[in-house]
Amino acid sequence: MIDCRRLWAKGGDGGNGCFSFHRSRHDRRGRPDGGNGGRGGDVILECSPTIWDLSSLQHHINAKKGGHGASKNMIGSRGDDKVVLVPVGTVLHLVEGDMPSVVQKVQSTPLNPWEIPDNTLESTQHATCQQSNGSAIEIEKPKDSESFSFWNQETINTWEARVTNNGGSEETMEEREEEEEEEEEHIEYNIAELTEPGQRIIIAHGGIGGLGNISLSKPFKNSKKDEKVNNFDFQENEIDNPSHTNGSPGSESVLILELKSIADVGLVGMPNAGKSTLLGALSKAQPKIGHYAFTTLRPNLGNLTYDDLSITVADIPGLIKGAHENRGLGHAFLRHIERTRVLAYVLDLSAGLDGRKGVPPWEQLRDLIMELEFYHEGLSGRPALIVANKIDEIGASEVYDELRRRVSGVKMFPVCAVLEEGVGELKDGLRMLVSGEELSGVSLDEIDVD
């Protein structure tokens, strides 16, 4: 499961305008008829429930260019948009480029072909795309055209400096590399989130098409004096006043896409507590299982199906003490707990028995709650239950009785994930917790560690 990806996106360049004249026997000088260039395509991220992770996402994404204008006042075709599907729960962080714009869904109304709309000004500020199912998508364009151009003066100066310094000495090259290493990337975190299926966001806009000579030409009088113009004067006027323009390049942006799993139940516990084995016992998922810590490096999802309800269970990789300080890849694991509705604390009853390494289960529970609170305040206050795993071990029953004495106010379920003992009662408890029948949680005041 790939839950983080760096993405470089570029919108399609706008098409060039056309320089053309329509001449006939009745019009010797001819009239301009060069059409405008088409607009470049956009790079759009679409939230899809069919995508599992970010592994199918390419690092570089380009939209199609707009078509060039043609004679007879033919406007160039618009470049095709590049729609990229991302999973539900994707968070965007901006490294470089323009801020993304959200695509809003609007209801489509039947149009009368004989009715001319009065609000022509509003129609130029909003572009409407028609989908196959009949619903329309309204894209809000930026008010100024400067937001589409990324060739600002700073980038031009840096590019000229690179070109002029290509023949420089090795010392200047080394100094430049050291300066680049010292410069840190300025990242704008959490600029957008994709949490609903079908939600769209534009991360790179297409360039605007160039104007043809029919849009730039000045009206002239068709008199005999105007016909007596030599070729030299015509070429000078063409240089001073360009007869057509080129399309503007599409905008560029560099983003970091981060996936935060959206699940109903999150299995939280220390390493080697048996979370992956428990997920396999609850659902048909087949996660990697090993007799060592940190077997699970990526969250695993399983589906728990009832007659009238379906619950998604996430196996969060093991947390250690100091995970909120990013120890043991703590931040990479803790961010998947933010979107879970219910927490299930998986405690290892066999830890510390027969000379084994580990801490008692009540201390495990205290450390887990503290790590959640240090990472995000109020995260441990969600509805929760306790899963006392490995009840089949020798001496685990006495430890379970001690756990019930030390922790109060929360439901506990003794299970053996390997033998699937007590899994049925745990499924009923999870269903009651997710449906809202039980809203009990765990707090530090209810844990007696001394």
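Predicted model: local features only at pLDDT ≥ 70, side-chain atom pairs only at ≥ 80, totals over all residues.
**Ground rules.** I number residues from 1 along each chain as its sequence is written, and side-chain values use heavy atoms, without hydrogens and water. Local features need pLDDT of at least 70 and side-chain atom pairs pLDDT 80 or more, while totals for chains, interfaces and linings use all residues.

**Cavity.** I searched the whole structure and found 1 cavity of 30 Å³ or more. (A cavity is a set of points on a 1 Å grid over the protein atoms alone where a 1.4 Å probe fits but cannot get out; lining residues have an atom within 4 Å of a point.) The volume of the largest cavity is about 40 Å³, taken as the space filled by probe spheres set on the points. I listed its lining, which includes Lys-411, Phe-413 and Glu-438. Helix α11 gives the largest share, 3 residues. (Helices are DSSP runs of H or I, at least four residues; strands are runs of E, at least two.)

**Salt bridges.** I counted 12 (side-chain nitrogen of Lys or Arg within 4 Å of a carboxyl oxygen of Asp or Glu) in the structure. Arg-200 pairs with Glu-46 at 3.2 Å, N to O. Arg-200 is in strand β12 and Glu-46 in strand β4, so the pair ties together parts 154 residues apart in sequence. I checked burial (buried is under 20% relative accessible area, exposed over 50%, partly exposed in between; 1.4 Å probe, protein chains only). Arg-200 is buried at 18%, and Glu-46 is buried at 18%.

**Helix pair.** Glu-402 meets Arg-405 at 2.4 Å in a salt bridge. Both sit in helix α10, 3 residues apart. Glu-402 is partly exposed at 24%; Arg-405 is exposed at 53%.

Terms used: 1 Å grid on protein atoms, 1.4 Å probe; cavity = no way out; pocket = protein on both sides within 12 Å on 5 of 7 lines; lining within 4 Å.
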